[in-house]
Amino acid sequence: MIAHSKSLLAHKKQNQTLFNFAVLCCQAVPALKGYMKAVEGGSAPKLPDADHFKGAPDFVQLRMFASEYRKTLGRVIFLSSFSYFEAYFKALIEEVLQFHGGQEAFRKSALERQETHLTALDQPEIAKAASKLREYKKGNFAPSYRKHIKTLEQSDYRFPSELFSLFGIVELEKYKDLKASEIPHVVKWCFGLRLTEAEEVEFSRHRDTRNDIAHGSLLELDFNKGMEASRFLRELSIKIDKHVVRHFLVIERA
């Protein structure tokens, strides 16, 4: 049984690598400060040579970098986390399509099912029940409607809301390269997962922050805010994944 999508496993790995880097930075900077004091105090001969950069270290410059690293790291964590989440969701859409044989095969399967359900009206009992419902609703006919609806529910007939599913599969192809602003729309109306108002508001807020950073109007971000956004996006991806795996990664044809 599938517990998580392949997309989520890759997403988790990316986030773990990012978290490991954050831990390394938060450990390394205090250690660097302490080492510089030791060099200046004469208890250490010099700083270890830096990877990839040559030349004598400038302690004034390093202390300036160290004083700002939390805000820089917060921005890096935020941007990376948001980019990873976007990549995860796009990959998830593609994974759903590929699970069902790819876009064309999935569409063909849905079309065949739709045609089968449409021909259900060739059966006299089903046609009769449907004909009783093919009118503008009259309030005093509600008991009769319920009777005929129940008859159709127990047959191969599919109601209009169900027949529109093929259109959803066709439209899903357009969202494989979706914008971040479209993610809540697809989550709700394609996958049927209702996000809370708070989740939508927070996602929108993080998207605006991402745009501000990307456009250069926000150069620094508090480390804690970066971690907060990373946690939110990670939890949101897990929520989406559980729903999609449960309802959409199900074999239709053997």
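A charge is taken to sit over a ring if NZ of Lys or CZ of Arg is within 6 Å of the ring centre and within 35 degrees of the ring normal. The views below are drawn from a predicted model.

**View A. Charged side chains over aromatic rings.** Arg194 is placed over the face of Trp189, 4.9 Å from the ring centre. A further case involves Lys138, whose charged end sits over the ring of Phe141 at 5.3 Å from its centre.

**View B. The aromatic pair of Phe89 and Phe191.** Eight aromatic pairs are present in the structure. In the pair formed by Phe89 and Phe191, the ring centres are 6.2 Å apart and the planes stand at 85 degrees, so the arrangement is edge-to-face. Phe89 belongs to helix α2 (residues 59-99), whereas Phe191 lies in the loop between α8 (183-189) and α9 (197-214); the pair therefore ties together parts that are 102 residues apart in sequence. Phe89 is buried, because its relative accessible area is 0%. Phe191 also counts as buried, at 4% relative accessibility, a value under the 20% limit for that class.

**View C. An aromatic cluster.** One aromatic cluster is formed by Phe78, Phe82, Phe85, Tyr88 and Phe203.

**View D. A nonpolar patch on the surface.** Ile2, Phe99 and Ile251 make up this patch, and together they have about 280 Å² of accessible area. Ile251 is found in the segment after α10 (223-248). With a relative accessibility of 66%, Ile251 counts as exposed, since that class requires over 50%.

Note on methods
Residues are numbered from 1 along each chain as its sequence is written. This is a predicted model: local features need pLDDT of at least 70, side-chain atom pairs count only at pLDDT 80 or more; totals for chains, interfaces and linings use all residues. Side-chain values use heavy atoms; hydrogens and water are left out. Patches are made of residues with over 30% relative accessible area and no salt bridge: like charges are joined within 9 Å, nonpolar side chains (Val, Leu, Ile, Met, Phe, Trp, Tyr) within 5 Å. Accessible areas come from the Shrake-Rupley method with a 1.4 Å probe; for residues, only the protein chains shown count as cover. A salt bridge is a side-chain nitrogen of Lys or Arg within 4 Å of a carboxyl oxygen of Asp or Glu. Helices (H or I, at least four residues) and strands (E, at least two) are DSSP runs, numbered from the N terminus. Buried means under 20% relative accessible area, exposed over 50%, partly exposed in between (1.4 Å probe, protein chains only). Rings of Phe, Tyr and Trp (its six-membered ring) pair if their centres lie within 6.5 Å; planes under 30 degrees apart count as stacked, over 60 as edge-to-face and the rest as tilted.
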